[in-house]
Amino acid sequence: LGLPAESLPPWLIRLRYPRGPHMRRGYVRLTRRAGDISDDTQLSIAVARSIDGQGRYLHERFLDELRIWHPQRIGAGRACATAARRLARCRQPLLKADVALSSAGNGALMRVAPLAIARANDRSLDGLIADVRQNAAVTHGGHEAIDGAVFVALLIALSLRADKGSFRGEILEAAFSESSRLSGFPLPLLAAQAEVPG
């Protein structure tokens, strides 16, 4: 949904989409069409392809998917492109000393939905957190990036577990609670943002 405005400055987003992007007769306003994909789409598919038939995340398979993805990437972010290029060149993941691994960008959280879906029915969410952390660290080693990916994965998993009558606030509160217990995400700041109207 955010693809039409990706990489645009805020002033241009407001000018092009005064009420936000929306679908019109099968097309997103201006240049993007329904069904267009981005690097986030590609990497979500790569994560999904890294989950076996029993719902287990296979990290080595994801590394292979990144190698394959590199020459076919669409508008990739710096951290993902750097990690994939390194894997394609020498088949070794980036080391902690590499600058790209300090990235605090959102590339890792954009691809966690398949992991959350695969583990949504697990009794404990600890396995989901471990999978997300391992997956995120390949491209985004910054604390904020990893914790953000964990939070989004928890939000998706808890939403899938929730009763149909659950309120959005209940699901957010549960995600805050689980994130605090399991991931160490900086919750006061996030909770304050969630309370902002709009």
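Predicted model: local features only at pLDDT ≥ 70, side-chain atom pairs only at ≥ 80, totals over all residues.
1. Overall make-up. The chain contains nine helices and two strands. Read from the N terminus, its elements follow the order α-β-β-α-α-α-α-α-α-α-α.

2. Burial and surface. Of the 198 residues in the chain, 39% are buried. The accessible surface amounts to about 11600 Å², and carbon and sulfur atoms account for 55% of it.

3. Contacts along the sequence. Among contacts with a separation of 6 or more, 57% are between residues 24 or more positions apart.

4. The nonpolar core. The largest nonpolar core has 33 residues, and the members that touch the most others are L66, L115, L128 and V132. At least two residues of this core come from each of helix 2 (39–49), helix 3 (59–69), helix 4 (78–90), helix 5 (113–119), helix 6, helix 7 (143–161) and helix 8 (168–182). Helix 7 supplies the largest share, eight residues.

5. Geometry of helix 6. Helix 6 covers residues 126–137, 12 residues in total. The distance from its first C-alpha to its last is 17 Å, close to the 16 Å expected at 1.5 Å a residue.

6. The buried face of helix 6. Which residues of helix 6 are buried? They are L128, I129, D131, V132, N135 and A136. Viewed down the helix axis, these buried residues lie within an arc of 165°, and therefore they line one face of helix 6.

7. Surroundings of L128. Leaving aside neighbours within four places in sequence, L128 has contacts with L115, A116, R119, A153, L154 and A157. Both L128 and L115 are among the core residues that touch the most other members.

Methods. Residues numbered from 1 in each chain as written. Heavy atoms only, no water. Helix = DSSP H or I, 4+ residues; strand = E, 2+ residues; numbered from the N terminus. Expected span 1.5 Å × (residues − 1). Buried < 20%, exposed > 50% of the residue type's maximum accessible area, 1.4 Å probe, protein only. Arc of directions from axis to C-beta. Core = buried A, V, L, I, M, F, W, Y, C linked by side-chain atoms within 4.5 Å. Contact = heavy atoms within 4.5 Å. Areas by Shrake-Rupley, 256 points an atom, 1.4 Å probe, with all protein chains shown as cover.
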